[in-house]
Amino acid sequence: MVAPLSIPIHSSNTPVITINTPFFNTFSTSISHFLSLKNAHNLFTRTPCSSSLNLSFASNNRVLAYRGSEVEANTDKESAMTIKPAVRISERKLVVKDRTILTNVPENVIATSGAAAGPVEGVFLGAAFDKDSNNHVVSLGTLRDVRFLACFRFKLWWMAQKMGDKGRDIPLETQFLLVETKDGSHLEADIDGDDENKIVYTVFLPLVEGPFKACLQGNSADELELCLWSGDTDTLASTFTHSVYISSGTDPFGTIYEAIKAVKLHLGTFRLRGEKKLPGIVDYFGWCTWDAFYQEVTQEGVEAGLESLEVGGTPPKFVIIDDGWQSVGSDDHQQQQEEEEEEKELGAPQLLRLTGIKENEKFQKKEDPSVGIKNIVNIAKEKHGLKYVYVWHAITGYWGGVRPGVKEMEEYGSAIMQYPKLSKGVLENEPTWKNDAIALQGLGLVNPKNVYKFYNELHSYLASAGIDGVKVDVQCILETLGTGLGGGAELTRQYHHALDASVARNFPDNGCIACMSHNLESLYCSKQTGIVRASDDFYPRDPTSHTIHIAAVAYNSVFLGEIMLPDWDMFHSLHPAADYHGSARAISGGPVYVSDAPGKHNFDLLRKLVLPDGSILRARLPGRPTKDCLFSDPARDGVSLLKIWNMNKYTGVLGMYNCQGAAWNSVERKNTFHQTKSEAITGYVRGRDVHLISDVALDSNWNGNVALYSHRTQDLIVLPYNVAMPVSLKVLEHDIFTVTPIKALAPGFSFAPFGLIDMFNGGGAIEGLKYEVKSGAQLSDVEDGYQVEGNGQRAENLSSYVIAVASMEVKGCGRFGAYSSTKPRKCTVGSSLVEFEYDSSWGLVSLNLVEMPQEEQKVHKIEIEL
């Protein structure tokens, strides 16, 4: 066995780091060969037959691979300053905080310190191969005896979740991998002490390195494999140093955030969600035309939909005019006849392409066609009070791109007819792609040199008509069109730079929604776009899709939510699964909008989501699974419920869903039903399920006790710290809990507000909260003037003294509720004394806010005296 080497890494800015790596003696031969062949600033090449394109990749990070003599010369000098990194390769193992994650790491795997990417301790992995290619696969080591969450592409466009405990369970096209060590228990994370005693979470982030895109997959030997692909037979390389980033921590959500932040600093090609401006639509209720009309949408249909929702008291404040407004056409007649004959045999539809940037006849005013789409924009804003109007377009213009030879499109140059080339993983996951219309008929691609002009003229025309933003769809198609253009990653980069520049110039509210964009090429180019669709579509007529949808949006948001605000998609308010979908949208933290056909609405449901002024009670973060759900499979295992947490200003919110019974089938390559083990499943709710609940406790000495209000049962429950409450749900059932830290005001006197308790996320209504404890109230014992019940949890103030006052600012209207351990002395709204109800059996105090606040006030000011 080779003795381990202690390898110091030199830097003028950072302490010396020691990597204990026993295989560097043998590895140094391949590395020195690589260094002699490759210039560090020109790792990627084009073959002589390709068009001229300078693709270079440089990094300021250090490659952790040195020849033995270089190490030995500095061993004595540096030994006093060596530090053992948290993530390192040692004795052919990937070790994270002294826990082994991967074994049998191959000798051609290259490790590079992540220190230059930020303060988080991490490492980049790559590999050296024997020859140049546009496609490489290498094992990173054997993965066993862990639990993991993988977000993988089951379609070209979309990710879904998969859980497992060994390498072979990792699906093709995995783009995000979170691994949990099995040492310890979840309770350890709540015990103060050394990180050594806590669960460790390790995140693997495949990256885009130069023109190559990386992803992960498992094989039958339980190896975790790294796949690298350029999408262009002329774009080749053999050595990679920064293809995967790995870091770790004891808080899964914090670990993911810090890892993606480090990747952002390294790549410099995207920004984090918190660094972007969110468009105004996120705080209002909206309507999308897609599931109401599909491509048959007209301006008359748009107006009918807006009127229908407005009449019911839930007025939309934004609309997305989806596919169906653009000028499109098929290819010329002779070519069309030939293709139609071929497509009849294969069953593919005729593909339409963009023929001009302006609207089609359906969206022209009959009396004056020159008014164009501005006509329906004016109707929406002036007649129906909408704040925002968005329209849809594909990132390539339309599904089939732009039509070659059309006069209206000539100014953007000759369209390049490209035929998609998909990666092996995508084709295996989605074998139907070989018969897709785009695959058979090709796509008319605007030359990337001219694409900014195309976007800018399209968007400036729309902006001049009063359009506020665009939903940019079909984004992943770019990765398949890079042949002869430097590869899919390079093409995507050019298109996104142009798109970002055009959106920034033409839509000052940053009005852009990314859709069908779950590939790393798109995500890691996102400097401007603030909203991303979180999963495959809402399919109103597909009964297998509804539980799958809720699980997918929640788990995808673990990854996507650090880069953009996830949009959990439209839904139908009049539908067997409407409550299930609607409640999830309410706690998603993203936009809330429906695609109801005119006249087909459930206003009782919509009023749980929408205030009379068209605003919503939006949670402050992306909704994500609770920590104890990250590695269970609530769609497949037959025993787990899905819990989703989020935060408001002064409360948490927790959704609980039975998502069992259907999932993506890796054998049939489609969503299918499967048998569940029982009719109802029981799960458990704790206050600490809301991951950041302590952040909203207005007491530095908070003891962890919370009050919960169940939307489904309308029960109020007081839960001491770490006490679990059982909840049983059948398939397609759900519950929403408002979770509020209990404020102890005086012995026997405590309080916790819930907000508007008839709305799904009622805690989002609370805009301000403060407590005032009157002088002398904090006594060690309750004096004669107070009557205490039972164990001291309830008290009644029988004297004339005020113990404390809870003051709240609340937006909206409806039934306001709070937990109070004692019956209030009085309640006021503004300067008016109001009636209230108090249920002493569980401590619920409630009062009615009959109307919306005055416009200049924006909130109701509520005071409750105890």
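**Ground rules**

I number residues from 1 along each chain as its sequence is written, and my side-chain values use heavy atoms, with hydrogens and water left out. Because the model is predicted, I ask for pLDDT of at least 70 for local features and count side-chain atom pairs only at pLDDT 80 or more, while totals for chains, interfaces and linings use all residues.

**Whole chain**

I looked up the inventory and got 16 helices and 50 strands in the protein chain. Both are DSSP runs numbered from the N terminus, helices being H or I with at least four residues and strands E with at least two. I also noted that 61% of the 866 residues count as buried (under 20% relative accessible area, with a 1.4 Å probe and protein chains only). Then I checked contacts (heavy atoms within 4.5 Å). Among contacts with a separation of 6 or more, 75% come from residues 24 or more positions apart.

I traced an open sheet of 8 strands in the order 27-26-25-24-21-18-17-28, with parallel pairing. Strands pair here if DSSP finds at least two bridges between them. Strand 27 (565–567) and strand 28 (592–594) are the edges; each has a single partner strand, so one side of each lacks a neighbour in the sheet. The twist averages 25° from one strand to the next.

Inside this sheet I picked strand 18 (residues 318–321) and strand 21 (residues 388–394), which pair in the parallel sense over 4 bridges. Ile321 has Val391 in strand 21 as its bridge partner. I also found helix 11 (residues 451–464) lying across strand 21 and strand 24 (469–473), at about 150° to strand 21. For angles like this, axes are lines fitted to C-alpha atoms, for helices over the stretch in contact, and the range is 0 to 180 degrees between N-to-C directions.

**Two helices side by side**

How far apart are the axes of helix 6 and helix 8? I read 10 Å for helix 6 (residues 299–311) and helix 8 (residues 374–383), which pack at an angle of about 15°. The two helices are therefore roughly parallel to each other (angles under 35 degrees count as such).

I listed who meets whom: Gln299, Val302, Glu303, Leu306 and Glu307 in helix 6 touch Asn375, Ile376, Ile379, Ala380 and Lys383 in helix 8. The residues of this contact divide into 5 nonpolar, 2 polar and 3 charged. Ala, Val, Leu, Ile, Met, Phe, Trp, Tyr, Cys and Pro count as nonpolar, Asp, Glu, Lys and Arg as charged, and the others, Gly among them, as polar.

Next I followed an open sheet of 6 strands, ordered 29-30-31-38-35-36 with antiparallel pairing. Strand 29 (624–625) and strand 36 (716–719) each have a single partner strand at the edges, so one side of each has no neighbour in the sheet.

Strand 30 (residues 642–647) and strand 31 (residues 652–657) pair over 6 bridges, and Met647 is bridged to Gly652 in strand 31. Helix 15 (residues 578–587) lies across strand 30, strand 31 and strand 38 (734–741).

**Around strand 40**

I ended at strand 40 (residues 749–756), where 8 of its 8 residues are buried. Strand 39 (residues 743–746) and strand 40 form a hairpin with 2 residues between them, and Gly748 in the turn has a positive phi of about 85°. These strands pair in the antiparallel sense over 3 bridges, including Ala744 to Ser750.

Strand 40 is also joined by 5 bridges to strand 45 (residues 814–820), running antiparallel. There I found Leu756 with Phe816 as its bridge partner.

Definitions and conventions:
Parallel < 35°, antiparallel > 145°, perpendicular 65-115°, else oblique. Buried < 20%, exposed > 50% of the residue type's maximum accessible area, 1.4 Å probe, protein only.
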